[in-house]
Amino acid sequence: MNINWYPGHMKKTKEDIENNLKLVDIVLEIIDARIPSSSRNPMLDDIIGDKPRIIIMNKADLADKSITSQWIDEFKNRGISAIRMNSKENINAKKIYDLARESLSEKFDKHKEKNIENQTIRMMIVGVPNAGKSTFINNISKRKGANVGNRPGVTKTKQWIKTNANIELLDTPGVLWPKFDEETGLNLSYTHAIKDEILNIEDLTLKFLEKIKEEYPANLQERYGVDVEKPALEIYEDIARKRGAVTKGGDFDYTRTANIILTDFRNGKLGKISLERP
């Protein structure tokens, strides 16, 4: 499948990130714990450069816990602090603050020498669409300051948000990049970082089933009661039959079945699944 999506506002976001980096002390990169590689925009490394960074592995409640731990170790080996998170729950703002302060020790040492009492850390939030940036911001700030929606590209403008934890956050819209390989495109599509409306959702679901039947067959079996030894297309049709996604003429409703399967995955009803390993 050829999947590319790069709306005009995302080009502007890239430019805004570059222009606003000087306003912040550190970058919080929100990624999807189920796809830690695919949900990291490779352009950000060049844009952010040497600016300190913390990775928030969001939606960790939907991911395979052992694989998330492997990714945290992997990022640590790369010199980047990473923490798992479900931003829909209470966020430990102090833990994020302390991690950031550790990375900014040189700055605070200079403040101390100059008797500067300001303890506030300004953080920029970056990430791909639907990684959960707005939910994270609303939770940590204890207010409904950022637009939230279960659709990629909801946040469209720059926003500053203050918190009660000596943290000020600069929100930015989710930004993808112009071209990515097929596997990355599929992973972003499975997790809804790319809109379903621009995809062939039936082909996408067949690809998804091919992957899951190999890596998480027990999840398929438990959720749908299907024979995971069958080819992916037959599993697809068995799920359609079991869920009543059949037309009056007896044909399978592949679109309806696709929505059932992808929604189950995205909501965690298919179990804790990680689509990438370090």
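Student: Which residues do ring pairs link into a cluster?

Tutor: Tyr-190, Phe-208 and Phe-265 are the residues joined in this way. Please keep in mind that the model is predicted. In total, the structure holds 5 aromatic pairs.

Student: What makes the pair of Trp-71 and Phe-75 tilted?

Tutor: The ring centres of Trp-71 and Phe-75 are 5.7 Å apart, and centres within 6.5 Å count as a pair. Their planes stand at 35°; under 30 degrees would be stacked and over 60 edge-to-face.

Student: Why are Trp-71 and Phe-75 separated by about one helical turn?

Tutor: Both residues belong to helix 3 (residues 65-77), and they are 4 residues apart, which means a separation of about one helical turn. Trp-71 and Phe-75 are also both buried.

Student: Why is the pair of Tyr-236 and Tyr-254 called edge-to-face?

Tutor: The planes of Tyr-236 and Tyr-254 are at 85°, and the term applies over 60 degrees. The pair is therefore edge-to-face, with ring centres 5.3 Å apart. It links distant parts of the chain, since Tyr-236 lies in helix 10 and Tyr-254 in helix 11 (residues 254-266), 18 residues apart.

Student: How do you know whether Tyr-236 is buried or exposed, and what of Tyr-254?

Tutor: The relative accessible area of Tyr-236 is 2%. Buried means under 20%, so Tyr-236 is buried. Tyr-254 has 29% relative accessibility, a value between the 20% limit and the 50% above which a residue is exposed; Tyr-254 therefore counts as partly exposed.

Student: Where is Thr-205 found, and why does it count as buried?

Tutor: Thr-205 is part of helix 8 (residues 201-215). Its relative accessibility is 0%, and the limit for buried is under 20%, so Thr-205 counts as buried. Not counting residues up to four places away in sequence, Thr-205 touches Tyr-236, Ala-258, Ile-261 and Leu-262.

Student: Why are helix 8 and helix 10 called roughly perpendicular?

Tutor: The axes of helix 8 and helix 10 (residues 232-242) cross at roughly 110° and come within 9 Å. Angles of 65 to 115 degrees count as roughly perpendicular, and helix 8 and helix 10 are therefore described in that way. Among the residues making the contact are Thr-205 and Leu-209 of helix 8, and Tyr-236 and Ile-239 of helix 10. By class, the contact has 7 nonpolar, 1 polar and 3 charged residues.

Student: What makes helix 7 and helix 8 roughly perpendicular?

Tutor: The axes of helix 7 (residues 182-190) and helix 8 cross at roughly 100° and come within 11 Å. That angle also falls within 65 to 115 degrees, so helix 7 and helix 8 are roughly perpendicular to each other. The contact includes Tyr-190 of helix 7 and Phe-208 of helix 8. Its classes are 4 nonpolar, 2 polar and 4 charged residues.

Student: Which residues touch the most other members of the largest nonpolar core?

Tutor: In this core of 68 residues, they are Ile-96, Met-123, Phe-136, Leu-169 and Phe-208. Apart from it lies another core, of 12 residues, including Met-43 and Val-175.

Notes. Residues are numbered from 1 along each chain as its sequence is written. This is a predicted model: local features need pLDDT of at least 70, side-chain atom pairs count only at pLDDT 80 or more; totals for chains, interfaces and linings use all residues. Side-chain values use heavy atoms; hydrogens and water are left out. Helices (H or I, at least four residues) and strands (E, at least two) are DSSP runs, numbered from the N terminus. Buried means under 20% relative accessible area, exposed over 50%, partly exposed in between (1.4 Å probe, protein chains only). Contact means heavy atoms within 4.5 Å. Axes are lines fitted to C-alpha atoms, for helices over the stretch in contact, and angles run from 0 to 180 degrees between N-to-C directions. Angles under 35 degrees count as roughly parallel, over 145 as roughly antiparallel, 65 to 115 as roughly perpendicular and the rest as oblique. Ala, Val, Leu, Ile, Met, Phe, Trp, Tyr, Cys and Pro count as nonpolar, Asp, Glu, Lys and Arg as charged, and the others, Gly among them, as polar. A nonpolar core is a set of buried Ala, Val, Leu, Ile, Met, Phe, Trp, Tyr and Cys residues joined through side-chain atoms within 4.5 Å. Rings of Phe, Tyr and Trp (its six-membered ring) pair if their centres lie within 6.5 Å; planes under 30 degrees apart count as stacked, over 60 as edge-to-face and the rest as tilted.
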